[in-house]
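Here is a friendly walk through a two-chain model, for reading with the structure open beside you.

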Amino acid sequence: MEKKCAYCDKVLGDYLRTTKKYCNDSCKQMAYYARQNETMGITSTSFTEEEDASSSFAVSSEAMENEADSISSSSFELDVGDKDEEKNVVAPISDTIKRPKYEYHSSAFIDALTNAIQVQFNPSDYFDYCLKNPRLEVSKHCFWVSVRLRCLIENIIRLSRYRTVPVSIFKQLAQATNQLCSSNTFLLVCNSYPYADLLIHLRTSLDELAKTQLTVSMRYPLEFGKKIELMAARHYIGDIAPRLLFSQLVFSDIVEPPKEKKKKKKDKDQAEESD
Amino acid sequence: MNTERKYLEKSYTISTDILFDILKIVLKNELPNNIESVNVRESTLLLKIKFPSDQPSIKSIKNDIEILLEDYDFFANHSPKDIHKFSTNTGEAEY
């Protein structure tokens with residue numbers, strides 16, 4: 001049975017040892033490169049016939065003769081010899097293989113989000129100033145508002161994913177947004193705060209939602225643009241405000257008289273009246 | 001001779017915001033996949049993708065999916081200062 005070269009399928013001569021796999025060293029080297037490329041994600045099919053033929057590793061007898069000529073001439077004429085060498089020089093394997101270039105996909109959602117974050121509006125300067133000067137009154141107010149706004153935005157985005165949301169939750173959100181908008185702290189920074197308009201817009205939309213809906217529960221899908229706007233805002237606010245739960249926060253900063261004192265007064269009055 | 005294809009299996013939690021983009025890659029490259037679970041409340045699903053180890057440019061496909069998921073995760077759950085937490089993936093094809 002005739003044994004063939006594992007790379008080029010040439011019949012191996014009888015004069016070669018029986019365990020030999022390749023007809024010559026170049027085939028052996030090419031097979032090694034093919035194996036390497038396969039492991040790196042390129043199959044041997046990416047070698048075209050022309051490329052294989054022109055491949056420097058499958059050195060033909062003519063090329064060998066030319067090379068021999070060039071070597072002999074180069075020993076006498078250096079300039080000519082360099083040119084000949086350039087012709088016969090072994091090209092690197094990376095040039096001879098035609099690699100199938102993988103086309104990376106883009107997401108319309110992520111592209112829009114990146115655009116909103118990097119191009120449209122960037123409040124980093126304002127937040128950086130607050131972070132660098134945490135003792136300033138403006139910075140304190142900014143932190144206070146940002147923590148609450150982040151909580152509201154995250155809840156709105158989360159609720160938009162749910163199938164149904166009880167109206168009572170929207171009422172709580174609307175109430176919290178109202179309290180935040182009418183808080184003294186927000187009023188002090190509303191002229192300079194980057195997301196003041198967003199907060200006011202949220203208040204109006206949540207108010208409408210809480211008033212108009214009569215059903216027990218409903219869906220609250222966010223529009224594409226609105227969702228992008230909210231996610232971009234949350235992304236930046238995340239720099240300055242930690243994540244806190246809705247139940248952990250008080251959205252109003254207006255100091256009210258404690259209820260216990262009121263109750264005690266009432267009880268006293270009632271006791272006096274009864275006496 | 002063992003002719004079974006070898007697969008690298010990976011599961012990803014995918015939000016519906018980028019689900020179609022991921023599915024586009026999976027279907028275009030004819031990758032075997034399986035939905036393991038669906039979280040209706042969070043609008044996410046757990047998708048198991050099998051990457052055949054003998055398929056060309058499998059690293060790039062895997063990289064492509066992971067870049068999209070990583071980008072989404074960064075914008076949705078992190079802030080600009082968290083950028084150092086993410087790998088410096090340039091998104092260039094590897095061969």
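A residue is called buried if 20 or more other C-beta atoms lie within 10 Å of its own, exposed if 12 or fewer do, and partly exposed in between, with C-beta atoms placed from the backbone. By that rule, 21% of the 275 residues in chain A are buried. This is a predicted model, in which local features need pLDDT of at least 70 and side-chain atom pairs count only at pLDDT 80 or more, while totals for chains, interfaces and linings use all residues. Residues are numbered from 1 along each chain as its sequence is written, and chains are lettered from A and ligands numbered from 1 in the order in which they are written.

Chain A has 13 helices and two strands; here helices (H or I, at least four residues) and strands (E, at least two) are DSSP runs, numbered from the N terminus. Two residues are in contact if their C-beta atoms, placed from the backbone, lie within 7 Å. Of the contacts in chain A with a separation of 6 or more, 72% are between residues 24 or more positions apart.

Now to the place where the chains meet. There, 24 residues of chain A are in contact with 28 residues of chain B. On the chain A side, α12 gives the largest share, five residues. That side divides into 12 nonpolar, seven polar and five charged residues. Ala, Val, Leu, Ile, Met, Phe, Trp, Tyr, Cys and Pro count as nonpolar, Asp, Glu, Lys and Arg as charged, and the others, Gly among them, as polar.

A nonpolar core is a set of buried Ala, Val, Leu, Ile, Met, Phe, Trp, Tyr and Cys residues joined through C-beta atoms within 7 Å. The largest one has 46 residues, and those with the most contacts inside it include I110(A) and I18(B). Helix α12 of chain A (residues 224-240) gives the most to this core, eight residues. Beyond its neighbours within four places in sequence, I110(A) touches I18(B), L68(B), D71(B), Y72(B) and F75(B).

Chain B also holds an open antiparallel sheet of three strands, in the order β1-β3-β2. Strands pair if DSSP finds at least two bridges between them.

| Strand of chain B | Residues |
|---|---|
| β1, edge | 7-15 |
| β2, edge | 33-39 |
| β3 | 44-52 |

Six bridges join β2(B) to β3(B), and I35(B) has L47(B) as its bridge partner. N34(B), also in β2(B), counts as exposed because it has 11 C-beta neighbours inside 10 Å.
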